[in-house]
Amino acid sequence: MVDYDAAKFWLAVMNFAVTVLVGIYVWSSNRHRVTNERISELEKGIDVRLDTHDSRLATLEGQVRAAPTHTDLADIHEKINRVAQSSSRMEGELKSQSELLRVILDKITGARLQ
């Protein structure tokens, strides 16, 4: 008839094999779960860093748009040159007026002394 010891043995072997397979499956799924969690954490960290860089880049782009261009700087340089020329012209006129005033004072004071 049926050999109960052999059936018991094969049932134990199958139980052991199923337990080993379940253990391997649990180990593998935990390993993948931990790996996926680590990847998710890295993605979140990268998202935060990218958001920070995005706002910094937007700030820099706004500042660059507001910065004077080469044409603006050339216009400023031109205006500074005009101011310098005007200042030089006024300095010359002031010197000539001072000299003229000195000549007039010499004539007036010289005429009274004579």
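**The R82–E78 pair in helix α2.** Because R82 and E78 are four residues apart in helix α2 (residues 70–113), they are separated by about one helical turn; helices (H or I, at least four residues) and strands (E, at least two) are DSSP runs, numbered from the N terminus. The model is predicted, so that local features need pLDDT of at least 70 and side-chain atom pairs count only at pLDDT 80 or more, while totals for chains, interfaces and linings use all residues. Residues are numbered from 1 along each chain as its sequence is written, and side-chain values use heavy atoms, with hydrogens and water left out. The side chains of R82 and E78 form a salt bridge with an N to O distance of 3.8 Å, the term standing for a side-chain nitrogen of Lys or Arg within 4 Å of a carboxyl oxygen of Asp or Glu. R82 is partly exposed at a relative accessible area of 46%, and E78 is likewise partly exposed, at 41%; buried means under 20% relative accessible area, exposed over 50%, and partly exposed in between (1.4 Å probe, protein chains only).

**The K95–E91 pair in helix α2.** K95 and E91 are joined through their side chains by a salt bridge of 3.8 Å, taken from N to O. The two residues are four apart in helix α2, which means that about one helical turn separates K95 from E91. K95 is exposed, since its relative accessible area is 56%, whereas E91, with 45%, is partly exposed.

**The R102–E99 pair in helix α2.** Here the salt bridge between the side chains of R102 and E99 has an N to O distance of 3.1 Å. R102 and E99 lie three residues apart in helix α2, and therefore about one helical turn lies between them. Both partners are partly exposed, with relative accessibility of 48% for R102 and 42% for E99. A search of the whole structure finds five salt bridges, among them the one that joins R102 to E99.

**The nonpolar patch around F16.** F16, V20, L21 and I24 make a nonpolar surface patch of about 410 Å², where patch members have over 30% relative accessible area and no salt bridge, and nonpolar side chains (Val, Leu, Ile, Met, Phe, Trp, Tyr) are joined within 5 Å, like charges within 9 Å. F16 lies in helix α1, which runs over residues 4–66. Its side of the picture is an open one in the sense of the cut-off, because F16 has a relative accessible area of 60% and is exposed.

**The negative patch around D51.** On the surface, E43, D47, D51, D54 and E61 gather in a patch of negative charge. Among these residues, D51 lies in helix α1 and is exposed, its relative accessible area being 55%. For the protein as a whole, the mean positions of the 15 positive and 16 negative charges are 9 Å apart; Lys and Arg count as positive and Asp and Glu as negative, without His and the chain ends, and each charge is placed at NZ of Lys, CZ of Arg, CG of Asp or CD of Glu.

R38 belongs to helix α1 and counts as exposed at 60% relative accessibility. From R38 to L60 the separation is 22 residues in sequence and 33 Å in space, C-alpha to C-alpha. V2 sits in the segment before α1 and is exposed, with a relative accessible area of 56%. Between the C-alpha atoms of V2 and S55, which are 53 residues apart along the chain, the distance is 78 Å.

**The whole chain, as context for the close-ups.** The protein has two helices and zero strands, and its C-alpha trace spans about 165 × 30 × 10 Å along the principal axes. Its radius of gyration is 48 Å, whereas a compact globule of 114 residues would have one near 13 Å; the radius is taken over C-alpha atoms, and the globule rule is 2.2 Å times the number of residues to the power 0.38. Of the 114 residues, 0% count as buried. The accessible surface comes to about 10,900 Å², of which 63% belongs to carbon and sulfur atoms (Shrake-Rupley method with a 1.4 Å probe; for residues, only the protein chains shown count as cover).
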